[in-house]
There are 4 protein chains.
Amino acid sequence: MTVVDDRQTQMMRETVPFAGTLGVEVVGNRSEEVRARVEWRPERCTAGGVLHGGVIMSLADTTGAMCALQNLPDDASGTTTIESKTNFLRAVRDGFAEAVSRPLHAGRTVVVIETDVVDAAGRPVAKVLQTQAVLRG
Amino acid sequence: MTVVDDRQTQMMRETVPFAGTLGVEVVGNRSEEVRARVEWRPERCTAGGVLHGGVIMSLADTTGAMCALQNLPDDASGTTTIESKTNFLRAVRDGFAEAVSRPLHAGRTVVVIETDVVDAAGRPVAKVLQTQAVLRG
Amino acid sequence: MTVVDDRQTQMMRETVPFAGTLGVEVVGNRSEEVRARVEWRPERCTAGGVLHGGVIMSLADTTGAMCALQNLPDDASGTTTIESKTNFLRAVRDGFAEAVSRPLHAGRTVVVIETDVVDAAGRPVAKVLQTQAVLRG
Amino acid sequence: MTVVDDRQTQMMRETVPFAGTLGVEVVGNRSEEVRARVEWRPERCTAGGVLHGGVIMSLADTTGAMCALQNLPDDASGTTTIESKTNFLRAVRDGFAEAVSRPLHAGRTVVVIETDVVDAAGRPVAKVLQTQAVLRG
């Protein structure tokens, strides 16, 4: 059972204000794997009590960027998302959605991140492939 | 100059609670074109005062679903996003992001929606292609 | 009615051998719009006499690269496809598939190309969004 | 070391003529994993002796469809690709490209397939996520 890391969560929200607005909680933050979640709540839903697809994409974009930042070349100054594609596999109607981001490719100009989103029972919710540009200067 | 439609905004937020949480404002809502925006605000940003990519994807997912709902076959009961892909073209640092969703294909089993996101000056911010499944029963 | 440009076709096939293998024919080649087609033939089909999705993606990747090459910064040496996403809208069972590529964004590090593929009657067959990296040195 | 299955290759090419045109060779064909390859050859290249991105996408679309066909509900009559997204990770300059397709989600209306493409040394070449519609009647 994974648990939320309050210190990491606070640090991340100070850097990324929208993560606080959305309620992102960091579970783990290593270069090989970043893990964070958002609890199901009515105000995070689309019609019918289903967690909004935008919440899931926002969560994955946040963990993806956190992961990319830890997989940059030494001379890089930062990263920005170039593109992101999500396949939605299952609706989340309670519990939480947890995103796990891993580097698929860490190059000189781009970093490609793969993110699996699962529900509280560990079932697949979404799969995300995204490209982050390596910024310099 | 487009303006926000308060009645449409209220109706949409009653159906999609997360749209209220995010601050989505509806500008126009026709089957050929759905238009809505989110204002830039510090609490909607990632690092560096840039509107979070998740905000842009959430906005586009919301207008995409609104557009798909108006392009369903007669016997359909609803729609759900199967997949969504976003190319990010420009950062938003003030003003607002406005999404314009149009149907690219309205079939028996899926509806494909194309969404252009622009900034307050009308410059391209993102392009989204998404597939919505047609639900029945 | 568009027509094939034999000289442009020959030049392109000399540079990109697979375009010859696939039977790509160039119709127009300007920086704002590259247009090329592949004729329907049995040996280019998947099951059921439908033009293979790979043919359509290969055609669009070829026109996309041709378009990107004409929209590079002055100091660039070339381009390579980072990612490509295709939505398939209609099967091609005769005639040809024609791809029309246009630049959506031409930046310092990436060029984003939008490609519409239509059939011989001009009906939408596929929509492609792709990112090309700008190479240097 | 994987080897080509000549009988499976022949059967597949009879059903999908373009697979023969492209030179696809089947290595394994099970519902949990479909594996096939295309050898590097000059006539399959883009500029600079690099295997064309279209070859890689065509290969992955072929293995993806083969995998989807084995993961359909009992009442389905076939499958067709709705959308496909590829991230390119490394150029192939010799040897072959081998695609490995696995089902990520097998539902009533869609099957989602994940495909990893590697080179002859097993290094990542591309990652593909695609959605196949379940056809009936």
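Begin by selecting V38(B), whose bridge partner in strand 4 of chain B is A97(B). The model is predicted: local features need pLDDT of at least 70, side-chain atom pairs count only at pLDDT 80 or more, and totals for chains, interfaces and linings use all residues. Residues are numbered from 1 along each chain as its sequence is written, while chains are lettered from A and ligands numbered from 1 in the order in which they are written.

Next, select strand 2 (residues 33-39) of chain B; five of its seven residues are buried, so the strand is largely enclosed by the rest of the structure. (Buried means that 20 or more other C-beta atoms, placed from the backbone, lie within 10 Å of the residue's own; strands are DSSP runs of E, at least two residues, and helices are runs of H or I, at least four, numbered from the N terminus.) Strand 2 of chain B pairs in the antiparallel sense with strand 4 (residues 96-106) of chain B over six bridges; pairing requires at least two DSSP bridges.

Now display chains A and B together. The contact takes 27 residues from chain A and 27 residues from chain B, contact meaning C-beta atoms, placed from the backbone, within 7 Å. Strand 3 of chain A gives the most to the side of chain A that touches chain B, with eight residues.

Finally, select K85(A), which stands opposite K85(B) in strand 3 of chain B.

Technical notes:
Two residues are in contact if their C-beta atoms, placed from the backbone, lie within 7 Å. A residue is buried if 20 or more other C-beta atoms lie within 10 Å of its own, exposed if 12 or fewer, and partly exposed in between; C-beta atoms are placed from the backbone.
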